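Hi,

Here's the model I said I'd pass along. Have a look at it first, and then read my notes below.

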Amino acid sequence: MVLQYPTEMTSSRSFVQTDDTKSDVRRRLWDYLVKEDLALFPLPPHGRIPNFKGSSRACDVAAGLEVFQKARSVKIDPDKPLEQIRFRTLEAGKTLYVPTPRLRTGLLNRIQTISSNVESLRHCASMQVSQWQWSFDQKIKMQT
């Protein structure tokens with residue numbers, strides 16, 4: 001599978017300039033996602049890791065990488081565009097570490113599944129992070 005990017009995104013002359021700051025590039029990317037109708041909820045994409053059309057596909061590609069397949073545990077941020085890779089991590093029986101948003105209850109949440117129930121796995125991989133601190137039907141062990 002080959003991912004193709006628009007020319008504007010890959011051409012250093014039109015998308016990233018040598019004197020650009022990280023903020024310049026981020027702003028330009030966020031603006032591009034909005035302009036091309038590629039941004040998905042939560043909107044607007046500015047000021048966050050943006051959710052975008054194709055993010056699930058990108059996560060599936062990442063799950064196919066050798067480094068992912070060999071890993072026994074994976075740390076993945078709680079942002080919406082990474083939901084599919086969190087699901088793939090749990091589906092593969094790996095231990096998932098997710099940083100606690102805004103450090104409400106600690107640094108990381110540890111999620112290990114015993115269940116292969118797709119609905120339970122999707123729920124754990126979702127953005128309902130506050131619920132990750134409780135167990136679901138005693139089939140999923142979670143620690144903070």
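Trp30, Tyr32 and Leu33 are the buried residues of α2, where buried means under 20% relative accessible area, exposed over 50% and partly exposed in between (1.4 Å probe, protein chains only). Helices (H or I, at least four residues) and strands (E, at least two) are DSSP runs, numbered from the N terminus. Looking down the axis of α2, the buried residues fall within an arc of 160°, so they line one face of the helix; the arc is that of the directions from the helix axis to the C-beta atoms. Ser23 and Lys35 are exposed on the other side of α2. The length checks out too: at 1.5 Å a residue, the 14 residues of α2 (residues 22-35) should span 20 Å, and the end C-alpha atoms are 20 Å apart, which agrees. That expected span is 1.5 Å times one less than the number of residues in the helix.

Before going further, the ground rules. This is a predicted model, so local features need pLDDT of at least 70 and side-chain atom pairs count only at pLDDT 80 or more, while totals for chains, interfaces and linings use all residues. Residues are numbered from 1 along each chain as its sequence is written, and side-chain values use heavy atoms, with hydrogens and water left out.

Which residues does histidine 46 contact, leaving aside its neighbours within four places in sequence? They are Trp30, Asp31 and Val34, with contact meaning heavy atoms within 4.5 Å. Histidine 46 is found in the loop between α2 and α3 (55-63) and is partly exposed, at a relative accessible area of 33%. Its C-alpha atom is separated by 5.6 Å from that of tryptophan 30, 16 residues apart along the chain.

Now for α5 (residues 83-91): 7 of its 9 residues are buried, so the helix is largely enclosed by the rest of the structure. Among those buried residues are Glu83, Arg86 and Phe87. The buried residues of α5 pack against α3, α4 (66-70), β1 (73-75), β2 (95-99), β3 (108-113) and α6 (118-125). After α5 comes glycine 93, with a positive phi near 80°.

Phenylalanine 87 also has a charge over its ring: the charged end of arginine 122 sits 3.7 Å from the ring centre. Lysine 94 lies over the face of phenylalanine 68, at 5.1 Å from the ring centre. The test is that NZ of Lys or CZ of Arg is within 6 Å of the ring centre and within 35 degrees of the ring normal.

For the overall picture, the protein has 6 helices and 4 strands, running α-α-α-α-β-α-β-β-α-β from the N terminus. Buried residues make up 32% of its 144 residues.

Cheers
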